[in-house]
Amino acid sequence: MADILHIQPGQALKRRTRLSTTLILFGVLAVMVAVFSALSRDFYSFQNISTMLTNISFSGIVAGTLTLVMITGGLDISIGGNIALTSCLVAYLFNLAHPVPAWALIPIALALGAAIGAFNGFFITRLDLNPIITTLGTMAVTRGLGYVLTKARSILIMEDVTGFIGRTVIPGIQIPIPLVLFAVIFAILFFVLSRSKFGRKVYCIGANQAAARVSGINVRRVKFVLYLMSGIAASLSGLILTGQTAVGMPQHARGMELDVITAVLLGGTALAGGKGSILGTLAGVLILGVLYNGFTMIGFRYVHISVFQGVLLIMIVALYELRDRKKN
Amino acid sequence: MEQPLLEMRNISKQFPGVQALKDVSIDLRAGEVLGLVGENGAGKSTLIKILAGDYRADTGEIFINGRKVDFRSPSDAAAMGIQFIYQELITLDTLTVAENLLVGHLPTRKMIGMVDWKAANENARQVLETMNIDLDPRTIVGDLTVHQKQVLEIAKAIHKKATILVMDEPTAALGEEDTQSLFAIIRNLKEQGVGVIHISHRLKEVFDITDRVTVLRDGQKIDTVQTSQATMTQLISMMVGRELAEFYPKRDLPIGDTLLEVGDLTINGIIDRVSFSLRSGEIVGLFGLLGSGRMNVLRALYGLDGYDAGRVAVKGTPTIINGPRGALGNGIGYMPIDRKLEGLALGLPVSSNITMANIDNIGRGFALNRRLEREKAQKWVNDVSIRTPDIATDANSLSGGNQQKIVLAKLLETGSKIFLMNEPTRGIDVGAKVDIYHMMENLCEAGAGIVMISSELPEMLSMADRIIVIAKGKVTAEFNRAEATQEKLLHATTL
Amino acid sequence: MSNAALTNLNGRLKRRSVAELLLYGKSMVPALGLLLALLVLFFGLMTKNFFTLGTFKAIISNIPVMAIVAVGMTFVLLIGGLDLSVGSIVGFTAVNVVLFHDYFERLGVPLAWLPWLVVLLSLVLGTAVGLINGLIITRIGINPVITTLGMMALARGMASWFALGFEILKTGRITDQRFLDLARQYLPSTQMAIIPITLVYVVVLYAIAIIVLRYTRYGRNVFAVGSNEYAARLAGINVRRIKFSTYIISGAMSGLAAAILVAQLSLGRDDAGTGLEMDVITAVVLGGISMAGGKGNLFGVIIAVIILGVIRNGMVQLQEAIGLSYYWRDVVKGLILILAISIDAARVMAMKRRQVVRQ
């Protein structure tokens, strides 16, 4: 029996490169935290860290599922619209003349997310449509429905359950619930992607879809499930946001797609698919979260950050592209 | 004596491990059709690639109209008036015939510089007319049949002032009528002084259209004969005339029950009522030329393509094959012809590739049992003699032969009993070939059955217990091993 | 061609081809014309004031911006690319239009020239952004989706940044009548105001674009690249340059549209053009420009733009008539987009299916 730990030099280099990218990312993260702490006194405060981590959890949950989608070469830009619609629906139902009971709001929200995910999944896997344009359409549909539902106004929702999800902190250790959710979901996704049969199928599809199909993998079903998951995760994020802001409005999460995609790409997932990891996405999400928060603390305003976002996205992809080209 | 249009003298070319061409000389005269025949691997495509400027010959020279030329790139050949018509047609399907013909240099009105469609269509019409081609220049190319597209490619070549036309298996996808129509065009070209090199496996057609035929075998030129004075038998024996070398004759093994029964399998326009059966312990070969439909049969049996009529029964039970998963569920495994396209994920490690078709069974529940996977991968690496530094090595680091073995291991891991193999030893070295034959034999000994497509006659004759010949979508003959000969097989493809 | 219907008895059989007209028809124009007619009929029946001059004017005023940007997007889609940044380019340029205008007005540039100068600058600005897109996509080789997605954020961010920094943009109304007239004039004269001048702009632009695409070598090369990049390269076409040029055109059109928009509204806000990319992509794909590239014509696009304009206005009137919330408009647009790409995908697949070969 060959010694599995014995790796040839060439192989070791490649493995080291994958690992080192993630390490570098975490290294960058550490440096950034140090720099921002030095530049702004408020940065390293408990309050700020807590807020920052909550924000990170909000977009991180979706980034996790999006990672799986992108590994198979797909994309989901309807997540923002999904979040908006979820928050509008929840707020709407809660404020009806005969209000929907609070405990029912969560399953309803998740069901909505599943429905949106299934909608995407159907068109992308059954009709083989371009994922980018399809989810662009879904984004319009969902956000539009949010506007219809709320007649473009914000609906207040002061409620225990959503408040619990969005704002509560576990007493004693003072950890916000969203962070717990984020950690749990990421742990699950990590397990799924790296240790489960399903996760292996995801990687196979990403590496060579034709070979995966010939090998008997139900490519259609796997992709469908991934879009389903993405939809549910977005709804969950929507619940968190609603809880945090205590408001359901159709303008929620505008432009969030860009953040999430940038985080996933930063973490090393390739746009064409095949490569990617949850750990990498974690690093990406953390880095971006710290970056935006840090910038705000220093005094940059939203508009500056927005400009930076666009540049960052292009730079990240360019860097990875150049690195891959050098390797060949 | 008149200078030949083209002369290739003493061409030799070696690749690592194989002498593709050894001292081959051919010549082509103006206004003649020269057939180039030979088996797979005889060196035809290498010779053509050298002519096209894709490869450079190790030794030898090329002369055009008596002048020595040196092709350094594909555009050099075109500049000398040589045009190639390959099997993969390169057309602009959303545009018209006229536009395809004139792409890049559409005629414009002198004053304004605007495209003159009237002139374009007229030019195209003229070109097509001189070749006796009946095609409306305003038709969208995407609407044309394969034959018409091919004809268009030829027209394009002539329009580029080709004096030498090289056609690689032009009739592979054509029916009888279209073939005759193509030949009419070729004869027309002959009259205009164009020289045509016609590469084909279809010997009947070679007799139909060529003036002379050059036979290649194992990288050497055997002879060039006048077609009118040659016979089919003569050609065939020149093509295969070697001694059937020590390949790897499959041992005669006990044949058991019927594993697979195929009845009247039909795909409209492609294959017509193909029937055969496969029994435990035997290897059935499907032999046919390019475009005969043999691959369509295999792909339909594995559920990769649909079929329009027919019955399939596995171990006596009629079944419907619903895609690869359905096939695997019925104990049918498939080895694709192109391992890079459909067989392997090159970016994944060896172990992941080996287990790809059996993921659900490696471990209980949701989790993939990685230890079990490593054990299985290691087992197969040993059993199938895959040379790899480690099971975690990425598949693209391995040689072609070892990559093919990975695909085989993947099939074995599924525990299938019926194996559909599409050119199992394509593009791999002799050592690996022998290993694969060995494995195939073991499988049969264990009671499995194999349906094998191979275009290498010696391989087919030594490995298959029974050989079914398919031509133009129909079964034309069936031979058992004792009675089969290369000549009979090739002859059956002409029926 | 298979004729057998899908049954269970004989195994996995092939499906029948669908809706022949839609799939195999050469052009989407007849289908679109029909759709337009049906929509007009529908809205006319359901609302009170649909067939009035007011409606006509409202629709006409909504169309120019979308129509102009659609021309640029058409070029990009024809080579098989995508430009998601058009809306942001409009926003960015709109903000700069106000800035330019204010600056030059204070400089004392004669009023006769001022409007045209500003329009020229808008064109230049849009072209510049398009140029950057093109460089990144064709020189560095980054995926068009990512590039234009990033540019979308970048340009929008810059627009907002400017809006923060410059006072003029806060109060920023342009009152110079000559400039406003660029978009508000009617022909033939102020007394007989029938045809809005923006309509003329659109017609002229489309005429030019149609001529370029159909009658210039450049235009035909665009189609060739989109149809089969490899074949185009073999034919000697500079594929990279052609692709580059389409992104420049898209940027230029967005810049031009921004000038018109500002003149129509008399102000340039940083959120101008939000969501425009979705509208334009919907219009272009609905209009028959295939996402696979190399196929389609601008006649279909302009009809699709009109269709979207009719829907927009129709839904406003529908709200008044039967109380249907106007906000259903976005939902409808999203569904139309998905419908449009479904049809496109079906057409592409139908063409591919006819190429099945014996192997």
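Select S385(B). With 17 C-beta neighbours inside 10 Å, S385(B) counts as partly exposed. The cut-offs: a residue is buried if 20 or more other C-beta atoms lie within 10 Å of its own, exposed if 12 or fewer, and partly exposed in between, with C-beta atoms placed from the backbone. S385(B) is not a glycine, yet its phi is positive, about 55°. Look for S385(B) in the loop between helix 13 (370–383) and helix 14 (400–413) of chain B. Helices (H or I, at least four residues) and strands (E, at least two) are DSSP runs, numbered from the N terminus.

A word on the model. It is predicted, so local features need pLDDT of at least 70 and side-chain atom pairs count only at pLDDT 80 or more, while totals for chains, interfaces and linings use all residues. Residues are numbered from 1 along each chain as its sequence is written, and chains are lettered from A and ligands numbered from 1 in the order in which they are written.

Next, K472(B). Its phi is also positive, near 50°, and K472(B) is not a glycine. Most residues other than glycine have a negative phi. Find K472(B) in the loop between strand 19 (466–471) and strand 20 (474–480) of chain B. Is K472(B) buried or exposed? K472(B) is buried, with 20 other C-beta atoms within 10 Å.

Stay in chain B and select helix 4, residues 117–130. Helix 4 has 14 residues and reaches 20 Å from its first C-alpha to its last, close to the expected 20 Å. The expected span is 1.5 Å times one less than the number of residues. Colour A120(B), N121(B), A124(B) and L128(B): these are buried. Seen down the axis of helix 4 of chain B, the buried residues fall within an arc of 95°, so they line one face of the helix. That arc is taken over the directions from the helix axis to the C-beta atoms. The buried residues of helix 4 pack against helix 3 (97–102) and helix 5 (146–159) of chain B. Contact here means C-beta atoms, placed from the backbone, within 7 Å. On the face turned away from the buried side, pick out the exposed K118(B), Q126(B) and E129(B). After helix 4 comes N132(B), with a positive phi near 60°.

Now the sheet in chain B. Its 4 strands form an open sheet in the order 12-11-14-15, with antiparallel pairing. Strands pair if DSSP finds at least two bridges between them. Strand 12 (271–279) and strand 15 (317–319) stand at the edges, each with a single partner strand, so one side of each is left without a neighbour in the sheet. Strand 11 (258–267) and strand 12 of chain B pair over 6 bridges. One to display: T258(B) has R279(B) in strand 12 as its bridge partner.

Move to chain C. Select helix 9, residues 197–215. Buried in this helix are T198(C), V202(C), A209(C) and L213(C). Seen down the axis of helix 9 of chain C, the buried residues fall within an arc of 40°, so they line one face. The face turned away carries the exposed V204(C), A207(C) and I208(C).

Last stop: where chain A touches chain C. The contact takes 35 residues from chain A and 36 residues from chain C. Helix 5 (131–150) and helix 13 (302–327) of chain A each supply at least two residues of chain A's side. Helix 5 of chain A gives the most, with 13 residues.

Definitions and conventions:
Contact = placed C-beta atoms within 7 Å.
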